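Biologist: I have a model open and want to learn how to read its features. Can we take them in turn?

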Amino acid sequence: MTRAIPEQCETCPVNPNAELVRHGLDLSGVDHVVALAGNPNTGKSTVFNALTGLRQHTGNWPGKTVVRAEGSFSYSGRRYKLVDLPGTYSLLSTSSDEEVARDFILFGQPDVTVVVADATRLERNLNLVLQVLEITERAVICVNLVDEAERHGIRVDVRSLARDLGVPVVLTAARTQLGMNQLLRAIDDVATGAFVCKPKRFPLSSSRLRVVEELAAKVSGEFPELPNARWVALRLLEGDQRMIEAVRTGELAAIVNRTRTLENQQEGTYVETT
């Protein structure tokens with residue numbers, strides 16, 4: 001990380017949320033779905049609350065004890081449903097939290113996935129960022145807690161990071177609303193296609209790439225509804241036992257259908273937590 005101060009747009013409105021309308025739990029008339037991912041303790045819930053006006057209303061994911069939270073907001077005339085995924089360190093499905101987050105990003109096909117990272121521990125958080133970018137091209141990186149980072153002498157070069165990752169990167173301090181309007185604009189740009197992401201992914205050798213493409217074609221033929229057969233092929237080649245079993249038993253199709261059904265239903269009793 002280099003020493004570059006977060007830049008504020010000179011033409012931005014004085015009120016950082018001038019175009020934001022919070023709708024809380026009202027999920028009617030949604031135009032776009034946004035997934036909110038991130039490591040635990042990155043301020044992800046604070047970002048969620050700032051955008052929706054909720055204080056973390058929660059319920060359970062279908063068939064899971066894993067807590068989920070949903071809310072909505074409007075920005076630039078479009079209405080967004082925000083799904084707060086469980087905080088995880090990876091998407092390798094070694095726990096229920098990771099499995100829920102992975103399945104929603106991969107099979108739920110949100111219009112945008114916002115990955116919240118801790119500016120004070122950015123290197124550690126980039127592991128999840130890179131895994132998300134392997135799954136989806138439509139992502140925004142929210143580097144949060146920049147106020148705490150500055151107190152420790154850490155400043156993030158947002159332009160270099162955005163260039164290296166190939167997706168929008170926004171610096172925020174969600175507790176004080178710093179950068180939230182820039183985050184909203186980035187979400188809106190990606191959701192509407194005004195910004196086309198070109199995420200940087202792990203390079204593959206020509207021989208490995210050929211194997212991945214051949215396996216992805218077979219997976220796609222078996223599961224035509226699958227949105228990202230390439231990622232599934234990579235997990236199979238890396239020996240992901242959970243994915244191998246899901247493919248072998250045909251459960252993969254059920255996971256896809258279950259995750260997509262979630263988009264059109266509100267399940268569970270929501271309770272307010274602080």
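Modeller: Start with a charge over a ring. The charge counts as over the ring if NZ of Lys or CZ of Arg is within 6 Å of the ring centre and within 35 degrees of the ring normal. Bear in mind that this is a predicted model.

Biologist: Which ring does the charged end of Arg235 sit over?

Modeller: The ring of Trp231. The charged end of Arg235 is 6.0 Å from the centre of that ring.

Biologist: Next, rings against rings. How is a pair of aromatic rings described?

Modeller: By the distance of the centres and the angle of the planes. This structure holds one aromatic pair. Its partners are Phe73 and Tyr80, with 5.2 Å centre to centre and 15 degrees between the planes. Planes under 30 degrees apart count as stacked, and the Phe73 and Tyr80 pair is stacked.

Biologist: Are Phe73 and Tyr80 buried or exposed?

Modeller: Both Phe73 and Tyr80 are buried.

Biologist: Now helices. Which way do residues three or four places apart point?

Modeller: An α-helix has 3.6 residues a turn, so residues three or four places apart point the same way. Now look at H2, residues 96-107. From first C-alpha to last, the 12 residues of H2 reach 16 Å, close to the 16 Å expected at 1.5 Å a residue.

Biologist: How many residues of H2 are buried?

Modeller: 10 of the 12, so H2 is largely enclosed by the rest of the structure. Among them are Glu98, Arg102 and Asp103, along with Val100, Phe104 and Leu106. Just after H2, check Gln109: its phi is positive, about 50 degrees.

Biologist: Where is Thr52 found?

Modeller: In helix H1, residues 44-52. Buried means under 20% relative accessible area. Thr52 has 0%, so Thr52 is buried. A polar atom of the Thr52 side chain lies 2.9 Å from the backbone oxygen of Phe48. Then look along the chain: Val21 is 31 residues from Thr52, yet their C-alpha atoms are separated by 8.2 Å.

Biologist: And a residue in a loop? Where is Thr136 found?

Modeller: In the loop between helix H3 (122-135) and strand S7 (139-144). The relative accessible area of Thr136 is 10%, so Thr136 is buried. The Thr136 side chain reaches the backbone nitrogen of Arg138 at 3.1 Å.

Biologist: Which residues is Thr136 in contact with, leaving aside neighbours within four places in sequence?

Modeller: Ile105, Thr113, Pro199 and Arg201.

Technical notes
Residues numbered from 1 in each chain as written. Predicted model: local features only at pLDDT ≥ 70, side-chain atom pairs only at ≥ 80, totals over all residues. Heavy atoms only, no water. Helix = DSSP H or I, 4+ residues; strand = E, 2+ residues; numbered from the N terminus. Expected span 1.5 Å × (residues − 1). Buried < 20%, exposed > 50% of the residue type's maximum accessible area, 1.4 Å probe, protein only. Polar contact = N/O pair within 3.5 Å; in protein donor to acceptor, adjacent residues only side chain to side chain. Phe/Tyr/Trp six-rings, centres within 6.5 Å; stacked < 30°, edge-to-face > 60°. Contact = heavy atoms within 4.5 Å.
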